[in-house]
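Reader: I am new to this structure. Please take me through it in questions and answers.

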Amino acid sequence: MAQKPDDTLLRADTFTNAPKVSRKTLTKEERQELVKQQEAETKEAEKLAKSAAKGPLGRWWQRVQSGPNRITFGMAIVALGVVYGDIGTSPLYTAQTFLSGQGGIANADREAVLGMLSLVFWSITLITTVKYVLIAMRIDNKGEGGIFALYSLIRKHGSWLAIPAMLGGAAFLADSVLTPAVSISSAVEGLKTLPPLEGVFSENDSLTLMITVVIIVVLFSVQSRGTESIGKVFGSVVLVWFSFLAVVGAANLSNDWSVFAALNPIYGVKFLFSPHNAAGIALMGTVFLSTTGAEALYSDMGHVGRGNIYFTWPFIKVALVFNYFGQGAWILRNQHNPQYEHMKGLNPFFQMMDTNVRYVAVILSVTAGIIASQALITGAFTMVSEATGLNWMPHLQVRYPARTRGQLYIPVVNWVLCVATLCVLALFKDSEHISAAYGLALTITMITTTVLLAVYIWHDHHRLLAVVFTVVFLAIQTLFFIASMAKFLHGGWFTMLLTLAILFVMYTWNEGTKLERAQRRHMTPKDFLPAIERLHGDFRIPYFADNIVYLTSDTDMRRLDTDIFFSIFADHPKRARAWWAVSVQTTDEPFTREYSVQNFGTNFLFRVRIRLGFKVSQSIPVYLHQIMHDLSQSGELPQQKSIYPKVDADPEIGTIRYVLIHKDLMPESKISTRGEMSLRAKYAIRHMVGSPVKWFGLAPFNPLVEVQPLFIPTRRPPRLQRVPLRRREPRAVESFGNGTTAGGSGVNGAVPEDIGNEKTVVMTKLTDSVVREMRKEQGEQSNHAGE
């Protein structure tokens, strides 16, 4: 007779605060946020309706605001802070690097300055404006940009496209490590140019490094708050920064507007191949610095929207052009100024300003360096998320701290980038050495993006445009790459090494996933139900748990993964009152909370799919308790009254055991060396980055992690041959005429024949008493022989 639960034993909720679901599907804060969104959408619709009544211009504006190019003032400010930080710091060091390559300001004559300005202007125009803003940003994957989003659109056209996509993504992530280090350190070093601080920094050589480290740690620490909140603050600063760049540049242009002759591309081409160009082809490596940030602009498109970038880019470009040309006018005006002739590390950006204005410039440049780092960090989050979707990287915990799904935060990536950036600072010490490695990897990303864009344009039935696009941009960016290779021995090797390390992770994870999927099998109800039904009713086997829950990535509700099936029956069968196969999906809506159930016509096997909004906490144990209660109340799940208290304080549901299944390779697997290496690397990476135990809040429930063999075809070793067991006859101890005994050598040291045939040597240790007995027997035998 079944025992009845005792109420005094089941009052566990008096002593525990186990989480439970609310009766409501939305929190108060979520309802308020949705109401605000609905009100904003209603007001926006009313405005669009009014604008549509104002003629053709109004109807055009209505179409813009109703499509993917929608523009909002708030997100435009966010775009300034999130997208343009990297390209906004280029004026800090581009002209400085140019003067260093030409051997000082005395060698920067009119031909050199106009040539440099022409190359900078047309590089920004062709690479950033034409390639990325006008072409690449029109090619998005559900609003997301970047090289991985682009690859996902064209991968059906050839498996070889994965190679440039992986290489470009790895190079971009490698450059994401160097950008915070070079941007922030170069800006902090600007403090040395302020007269009151010159003595402090000269006495403490490591002071700039310490300040840079503190800023970087703080920057990475606030990433969890989301790029929207950060972007609004940074956006206002960037607006001031680019306005400052434009005003300072225009102020220096007021004395010499003739530098705008550099808008003619002939000046750039002539100087590049001129004997007066002291840097030679390496000049293009300097010019390339003015375009850094273009790839981040494309990658961050999903964070702020394409329309907001279209809206803000003209202002950004005008400000950059005014500042670069203002620096060029200052160089021409001071070419023969003895004050600057032998100045070490001459930077036209700071020197063209009045001393009082320079204080503002240093403060703003430090802030701009932080913003530049932010642009690459948010871009890195997007890239890793897209790589995960392509199964090129392990599944990581992703948080969505803002109101839009495009703004995400990945804790593991954030802190790996932080540690890697600090390692770069420890290795290279200052911006001069970091800049030697900076930009080389980014040229690889730009080249691979060009290849993928050309493939997309070709298959989009614009073949002539694809050919022209490929020839023009590959020629320019290959020139950038060759010029940047001059940096290889001066620090570029570090970037390339980092690129190869990230590429190794992507490649091995992809190859390992392919091998696992090749052997994955699924079962239909007619295959798995008979065995599970028999186990459910087999009372000879005690219950492993009342409920056994398996987490699976398979979202098909009509089948069961063989891994789960064999886990139930492996070793000692895991009998339960109910088995659960649960998958979790993240939706594009912020507050979705819903589930679906398939019971296969039974009351003991349930296939559950939980769909959660991207802002909903994925507390799976809490939601599973609710699902079990719902099914119990509807009669689909038999009653499971607990007899004894449980930590979850829920006497209406029996014990729950969570099981996670990992795969591993068998020693006999028939697999290539490359395949084995990929799988071993994948499993090692998976072990380091964490597991769903943490993501879904299962750790307090003591989940069981099982390892099952990966059933790749195995080698068949030759059969064993059975041989009869040999009977060993006991050998009597014999004495030989020369005094030797059995176990020693025979006459002349020969081994006895029977022992030699068996190739064995018998070592016998005799006690003193046994030796005396043997000698006594030998004496008696000798006497008999004499008689």
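Author: Helices (H or I, at least four residues) and strands (E, at least two) are DSSP runs, numbered from the N terminus. This is a predicted model, in which local features need pLDDT of at least 70 and side-chain atom pairs count only at pLDDT 80 or more, while totals for chains, interfaces and linings use all residues. Residues are numbered from 1 along each chain as its sequence is written, and side-chain values use heavy atoms, with hydrogens and water left out.

Reader: Is Leu239 buried, partly exposed or exposed?
Author: Leu239 is part of helix α11 (residues 227-253). Buried means under 20% relative accessible area, exposed over 50%, and partly exposed in between, with a 1.4 Å probe and protein chains only. The relative accessibility of Leu239 is 35%, so Leu239 is partly exposed.

Reader: Which residues does Leu239 touch, not counting those up to four places away in sequence?
Author: Contact means heavy atoms within 4.5 Å. The C-alpha atoms of Leu239 and Phe315 are 9.5 Å apart, and 76 residues separate the two along the chain. With residues up to four places away in sequence set aside, Leu239 touches Ile77, Leu80 and Phe315.

Reader: How is helix α6 directed against helix α16?
Author: Axes are lines fitted to C-alpha atoms, for helices over the stretch in contact, and angles run from 0 to 180 degrees between N-to-C directions. Helix α6 (residues 110-135) packs against helix α16 (residues 306-333) at about 170°, and the axes are 10 Å apart. Angles under 35 degrees count as roughly parallel, over 145 as roughly antiparallel, 65 to 115 as roughly perpendicular and the rest as oblique. Therefore α6 is roughly antiparallel to α16.

Reader: Which strands stand at the edges of the open sheet of six strands?
Author: Two strands pair if DSSP finds at least two bridges between them. The strand order is β5-β6-β4-β2-β7-β8, with mixed pairing. Each edge strand has a single partner, so one side of each is left without a neighbour in the sheet; these strands are β5 (593-598) and β8 (704-710).

Reader: Which strands does helix α25 touch?
Author: Helix α25 (residues 525-536) packs on the sheet, and its direction makes about 130° with that of β4. The strands that α25 touches are β4 and β6.
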